[in-house]
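Please open the model in your viewer and keep the selection panel at hand. The stops below each name what to select and then describe what is found there.

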Amino acid sequence: MKLDPFYLIVDSASWIERLVPLGVKLVQLRIKDMEEPAVRLEVRAARTICAKHDCQLIVNDYWQLAIEEGCDFVHLGQEDLATANLAAIRRAGIRLGLSTHDNIELETALAAAPDYIALGPIYPTILKAMKWAPQGLDRIAEWRTRVGDLPLVAIGGLNIERIDGAFAHDADSAAVVTDITRNSDPEARTREWIAATARWR
Ligand SMILES: Cc1ncc(COP(=O)(O)OP(=O)(O)O)c(N)n1
Ligand SMILES: Cc1nc(C(=O)O)sc1CCOP(=O)(O)O
Ligand SMILES: [Mg+2]
């Protein structure tokens, strides 16, 4: 499986409606602090938009909703993984991406046979408090030797100026939130990301 090199992460279907039609091919719906019925509606809307634009939708955390709503890719962190029913996810034919931040997490993740591994935070992130220091670029290369051919996603503090470094150290995809959603012109920034990742596509 090949992941698009530009991996957009947003917290609502309305962001997806705004940005996916610009040519985004890989997007994660990452919703926090919302009641499940409302999340379900967001997932449904996101799925419809992504299907229309041939964009791969990845649902963060809500693996049961993803199964019920007929989605085909979920992302889980280590705490999510500890309580998720992997057999049910697999039975539903859903692909799985997993977060890693250190060696033990990588071993745990690889044991779950995921469809990609994410490593972060590569740089400091303003999106959420994290207990891990920034990994740095060399850590991406180290992870590459450990994951072999498995797709590797770099995340955390990435921006257009930093993505070539991530790819040069053998990431397959660069995930981003705030460089786009907190930009004064998210549409223009999305177009810049699509262009800047073109040579890795
Ligand atoms: C691509 C990607 N990588 C890492 C994460 C983080 O997942 P997690 O550790 O479960 O934290 P939350 O995003 O759920 O707060 C991610 N979502 N996507
Ligand atoms: C959601 C998330 N997970 C991370 C991890 O390291 O697992 S870093 C991160 C935040 C990514 O946002 P931004 O691109 O704004 O830094
Ligand atoms: Mg999570």
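Begin by selecting strand S5 (95-100) and strand S7 (152-155), each of which supplies at least two residues of the shell around ligand 1; strands here are DSSP runs (E, at least two residues) and helices likewise (H or I, at least four), numbered from the N terminus. This is a predicted model, in which local features need pLDDT of at least 70 and side-chain atom pairs count only at pLDDT 80 or more, while totals for chains, interfaces and linings use all residues. Residues are numbered from 1 along each chain as its sequence is written, and chains are lettered from A and ligands numbered from 1 in the order in which they are written.

Next, show the 14 residues around ligand 1, among which Gly77, Ser99, Ala118, Ile155 and Ala175 come nearest; a residue is near a molecule if its C-beta atom, placed from the backbone, lies within 6 Å of it. Serine 99 has alanine 118, in S6, as its bridge partner, and S5 pairs with strand S6 (residues 116-119) in the parallel sense over 4 bridges, where pairing requires that DSSP finds at least two bridges between the strands.

Now widen the selection to the 8 strands, which close into a barrel in the order S1-S2-S3-S4-S5-S6-S7-S8 with parallel pairing.

Moving to ligand 2, select the 15 residues that surround this ligand, of which Gly120, Thr125, Gly156, Val177 and Thr178 are the closest.

Finally, go to lysine 32, in the loop between strand S2 (26-29) and helix H2 (36-52). The C-alpha atoms of lysine 32 and asparagine 60, 28 residues apart along the chain, are separated by 9.4 Å.
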